[in-house]
Amino acid sequence: MTTNEAILLCEVCGGMGVITRAVPIDHPDFGKSFPCPNCNTAALRRRDSIARMSNLEHFQDKTFATFQTELTYLDERQNAALRIALDRALGFAQQPRGWLLFMGNTGTGKTHLAAAIAHEAVARSIRTIFVTAPDFAGSSARHLCAQCGSQLRPAL
Ligand SMILES: [Zn+2]
C-alpha cells in the first residue's frame, strides 16, 4: 500500500488528514482542526514529499532487506566483509551522525547500502537526497571547497 492509498482509505478523516471534535459551541476546541489520529496525513504527506525529492526512484529495490551477504561467487573473507558493511550501514541508518565511507571495487554493494540507508532515512522523515558518487563528483563536489568542504558560491 502506498502512502496515498493509506490516506484515501482512512475511515476516520476520509483522507482529509484532520478531524474536528464534537464539543459544545463555547468549548475552546470548537471549530478547530486537529491532526487525524488514525492516519496522521500531515506526517504521511511530509514523508511522501521527502521521498519524491530523495532521488531514490531508480533505487527502489536497494534496501537492507535485499542486500545479499552470502554470494556464491565470493570467498568467505569477501562475504564476511559484506556482513560487516551491512552491519555498519544498519548502525549508521539507526543513528545517522557524521560520515560513513564505503570503499571497494565496482559492484561490491556500496551504492546498494547507501541507498538502503537513504530509504531508512526517508522512512523516518529525514530530508534525504541520494546522489551517486559519479553524479556527486560531476556536480556538487566542484562547488565544495577542497580544503574545508564548505559550499562555494559562484564568482560574480
Ligand atoms: Zn485519517
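**Close-up views of a predicted model**

**View 1. Helix H3 and its buried side.** Ala85, Ala89 and Ala93 are the buried residues of H3. Look down the axis of H3 and these buried residues fall within an arc of 70 degrees, so they line one face of the helix. Keep in mind that what you are looking at is a predicted model. H3 itself covers residues 76-94, which makes 19 residues. From its first C-alpha to its last, H3 reaches 27 Å, close to the 27 Å expected at 1.5 Å a residue.

**View 2. The other face of H3.** Now for the face of H3 turned away from its buried side. Exposed residues sit there: Glu76, Arg77, Ala80, Arg83, Ile84, Asp87, Gly91 and Gln94. And what do the buried residues of H3 pack against? Their partner is helix H4, residues 110-123.

**View 3. The largest nonpolar core.** Here are the 12 residues that make up the largest nonpolar core. Among them are Ala85, Ala89 and Ala93, along with Leu113, Ile117, Val122 and Phe130. Which of the elements gives the most? That's H4, with 8 residues.

**View 4. Around Ala116.** Ala116 belongs to that largest nonpolar core. Set aside its neighbours within four places in sequence, and Ala116 is in contact with Lys62, Thr63, Phe64, Phe67 and Ala89.

**View 5. The whole chain, for orientation.** Step back for a moment, and the protein chain shows 5 helices and 2 strands. Starting from the N terminus, the elements run α-β-β-α-α-α-α. How much of the chain is buried? Buried residues make up 15% of its 156 residues. Take the contacts in the chain with a separation of 6 or more: 57% of them come from residues 24 or more positions apart.

**View 6. The end of helix H2 and Asn55.** H2 spans residues 41-53, and its 13 residues reach 18 Å from first C-alpha to last. That is close to the 18 Å expected at 1.5 Å a residue. Just after H2 comes Asn55, with a positive phi of about 65 degrees, in a residue other than glycine. Asn55 lies in the loop between H2 and H3. Is Asn55 buried or partly exposed? It counts as partly exposed because it has 16 C-beta neighbours inside 10 Å.

View 7. Ser125 is found in the loop between H4 and H5. Its phi is positive too, at about 60 degrees, although Ser125 is not a glycine. With 15 other C-beta atoms within 10 Å, Ser125 is partly exposed.

View 8. Where does Arg127 sit? Look in the loop between H4 and helix H5, the latter being residues 133-138. Arg127 has 11 C-beta neighbours inside 10 Å, so it counts as exposed. Follow its C-alpha across to that of Ile50, and the separation is 5.7 Å. Along the chain, though, Arg127 and Ile50 are 77 residues apart.

Conventions:
Residues numbered from 1 in each chain as written. Predicted model: local features only at pLDDT ≥ 70, side-chain atom pairs only at ≥ 80, totals over all residues. Helix = DSSP H or I, 4+ residues; strand = E, 2+ residues; numbered from the N terminus. Expected span 1.5 Å × (residues − 1). Buried ≥ 20, exposed ≤ 12 C-beta atoms within 10 Å, placed from the backbone. Arc of directions from axis to C-beta. Contact = placed C-beta atoms within 7 Å. Core = buried A, V, L, I, M, F, W, Y, C linked by C-beta atoms within 7 Å.
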